[in-house]
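Hi,

Here is the structure I promised to pass on. Have a look, and my notes follow below.

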Amino acid sequence: MSSPDSLYRQYPLHSPHPLAAPKADTGHTRSAIVTPTSGHTWHRNPFPLSPVVRLGPSSDLGDARVRAADSGNAHIDTPLIEDVESLVDDYFAPPAAGGRRGRAIALVGEFGLGKSHALRRSYQTIRARHPETATWIVDEPAQDMGRLYRDRLRGPGDTEQGKRAFEELVRDYYAYVTAGWVGGEDDDPRRGTLREIATGLRDRVLDPDKVVSALRYDPEVIHADLRGTLGEVTEHRRFSSALALLLEPPFNRMVWNWLNGAEPAEPLRERGITEAIGPSEGRPDNAAGIDRVFDALTVQGFLHGRVGRPYVLLLDSLEKVLDWPDDSRRAFIDAFERLINIYTSHGGLLVFCSSPDGLRALRQSVHERVVQLWPTGLDQDRTGELVARYLASGEEGDDDSGDAVAEEAVPSTGPFDDEALRLLHELTEGVPREVLKTCREAWQLSEDRDGAVSRVPGATVLRAVRALHERVSYQRVLGDVHDALDLGQWRIASRDPVPARLARSAGGREEVLYWLSPAPNAYIAVIYARSLLLADDVERIVTQVNGLRSAVRPGRFEALLVVNGLVSHAMQDRLGRSIGSRPLVYRQGRFPQSVHEALLQLERRLVEEGREEDLAELGERMRRNLEQQTAHLDEMRRNLAAMTLEAAARPAAVPAVTGGRAAPEPEPPEELPGAVWRRFRDALAMLESVTRRAAAGSAELRVLGCATLVRALTEEFRGAVAAWARGAAPGVPTEVQLRELRRICREYENAVEVLPVHLLGGAEHPNPLTPARTVEVLAEEVWGTLSAPVVS
């Protein structure tokens with residue numbers, strides 16, 4: 001065994017790392033700022049043709065200067081970038097005693113808000129401040145992850161310096177694991193020396209090559225470490241075999257080819273490495289390829305964390321996976337979630353961009369491990385600063401001496417006047433991509449014959465917005481609306497409910513495309529409009545819609561406004577409040593379905609409005625009827641009160657007495673059996689009592705009204721039964737006569753059921769039935785008595 005002194009590195013402890021690189025060029029191509037005079041003229045459009053950041057080519061990453069060709073030639077600090085850089089700085093701060101803390105950061109938002117720019121800025125910051133850090137870059141996910149891994153994924157292995165650094169890392173890892181193994185052998189007589197070696201390896205003051213050679217490390221120790229730490233996350237056996245062979249010269253090139261995505265050579269196959277990291281050429285297996293690529297990223301990142309070195313993965317456009325087939329999408333999301341767990345648990349930094357839908361695709365448990373940053377549109381000051389920075393980046397300079405000045409100074413907004421900048425911010429809502437696209441278009445519209453620009457006024461910004469957002473023809477929009485009507489089989493009104501002159505606005509910028517009639521006396525106007533950019537545009541629309549609504553009355557009316565162009569969210573809200581529905585902005589693709597769904601919403605609203613109108617009309621009719629009934633009941637109450645007083649004033653009648661007994665009860669009419677006649681007599685007497693009591697007391701009018709109405713119904717019922725009895729055949733009624741009797745009884749039952757007979761009060765002593773119960777069973781008793789001969 002070599003002496004400890006011979007194990008020290010043969011290169012200076014603080015020598016530059018093989019990955020060290022000069023300070024990154026940030027891509028700014030500015031010269032010193034010169035504030036133009038009123039006569040200054042610009043000759044070249046400084047705004048990008050396609051303001052979309054990609055993390056693919058070197059130029060997009062700021063590795064090469066691009067003359068006004070991409071959206072990264074100028075930079076302003078935004079809250080998003082400041083937050084990202086703060087988190088990145090915190091990650092690279094000296095680790096605590098427990099080791100470096102891993103972190104996953106999600107930049108979440110809609111397109112064009114600067115997420116990719118912030119991600120690229122993070123790369124530039126890491127490269128400038130921590131050039132030795134191993135960094136992997138995925139510009140966007142791809143279903144063929146094997147091809148992405150081979151051709152597009154950027155990582156330390158892309159350069160010779162990176163390969164040497166990774167090989168050094170593997171040696172450090174071997175030495176670290178070996179040191180942990182030998183340092184834990186308490187019964188080894190070399191215990192003190194081994195612990196000293198283990199400490200020296202961890203402190204990176206010993207040469208790992210010599211340590212590994214002197215200690216004769218066993219590759220199985222490395223395999224056991226990967227297996228014990230990563231568990232089921234990755235297929236660790238083949239990676240441990242590859243790492244063991246990487247440092248052996250005969251296999252070095254073979255292992256690097258395999259690590260870069262190629263099929264394994266035969267010597268590697270003989271040692272258990274039988275498959276490429278990604279799927280083979282011509283035999284794509286998306287799910288398997290996704291898992292293998294993430295396995296490679298997991299192991300390579302884990303090695304850095306195991307020896308205490310920082311490592312970074314940057315991934316853009318996570319939402320791309322939402323359009324994949326189910327099996328590929330699930331495989332990617334599962335593998336990505338495992339990678340997040342590894343990075344956060346083992347000291348890595350993972351920064352990724354996603355739309356809100358892409359973030360929602362991840363499990364809620366993963367959300368809790370991810371720091372979320374949500375960008376917003378620029379405020380008005382930053383919008384102006386962005387314009388000024390791009391103008392400055394377009395100024396040609398002889399050297400880089402102006403960069404520092406440009407970074408500190410606030411450059412001029414040049415030909416854009418105050419009105420132009422105000423409209424630019426309001427109409428784009430501060431979305432950086434929209435700001436740059438509008439500036440480029442406005443610049444082109446302002447060029448003279450020689451291509452020079454001296455002024456960009458507000459009116460030109462309006463023209464630029466219309467040119468950018470009204471690219472689809474009127475006929476195309478009309479065709480998609482027609483497809484929507486076919487989709488829902490919408491009924492077009494047989495005639496226009498308003499004169500033709502009202503169907504087109506002043507100036508002819510808006511017109512009614514279709515009048516739909518989804519319900520009787522109800523209309524939906526489908527109105528076409530171009531971009532609504534100013535308050536006057538909104539007022540013109542509101543005036544037209546209100547005019548249509550007034551002309552359609554008394555019919556019900558809704559309007560669907562289809563905008564072929566731009567309308568800001570603020571104006572959409574304003575229109576929604578003014579005309580009753582939010583406008584539908586034209587977008588290619590699912591627009592017919594969007595129109596159909598919007599029409600369904602308006603149809604439901606019209607139906608509800610119709611019900612409300614019907615209910616209101618019914619309520620008004622009931623109110624008038626109640627007033628009439630109240631007046632009639634008041635008159636009845638007065639008449640009953642007068643009758644009661646008159647009866648009280650007369651002397652009480654003395655009943656005739658015969659032999660000390662009361663006079664006999666009057667005989668029932670011949671047409672009604674005695675039992676039926678008595679039931680009617682008792683019911684009417686009880687109702688008479690209720691009516692007199694209600695009229696003489698302070699009962700509610702509805703009690704008196706109910707008693708009066710039930711009494712009238714009962715008398716009518718008695719008359720109908722008597723008429724039936726007069727016409728019935730003697731003895732047993734015929735089947736036809738019984739059906740007629742059943743109809744008479746059911747009509748009475750139905751009439752009583754809908755009346756509030758429970759208001760009639762309790763029974764008169766000693767009657768066992770209440771008035772309500774008396775009338776409720778009356779029809780049943782009459783039917784039972786008169787149909788008894790048949791039943792028996």
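Where is the place of glutamine 489? It is in the loop between helix H20 (474-488) and strand S6 (511-519), with helices (H or I, at least four residues) and strands (E, at least two) being DSSP runs numbered from the N terminus.

Before the rest, some ground rules. This is a predicted model, where local features need pLDDT of at least 70, side-chain atom pairs count only at pLDDT 80 or more, and totals for chains, interfaces and linings use all residues. Residues are numbered from 1 along each chain as its sequence is written, and side-chain values use heavy atoms, with hydrogens and water left out.

Back to glutamine 489: its phi is near 50°, a positive value in a residue other than glycine. Most residues other than glycine have a negative phi. Glutamine 489 is exposed because its relative accessibility is 66% (exposed is over 50%, buried under 20%, partly exposed in between; 1.4 Å probe, protein chains only).

Now the rings. There are 18 aromatic pairs (rings of Phe, Tyr and Trp, using the six-membered ring of Trp, with centres within 6.5 Å; planes under 30 degrees apart are stacked, over 60 edge-to-face, the rest tilted). One of them joins phenylalanine 47 and tryptophan 443, edge-to-face at 6.1 Å centre to centre and 65° between the planes. That pair links distant parts of the chain, 396 residues apart: phenylalanine 47 is in the segment before helix H1 (79-92), and tryptophan 443 is in helix H18. Phenylalanine 47 counts as buried, at 0% relative accessibility, and tryptophan 443 is buried at 0% too.

Cheers
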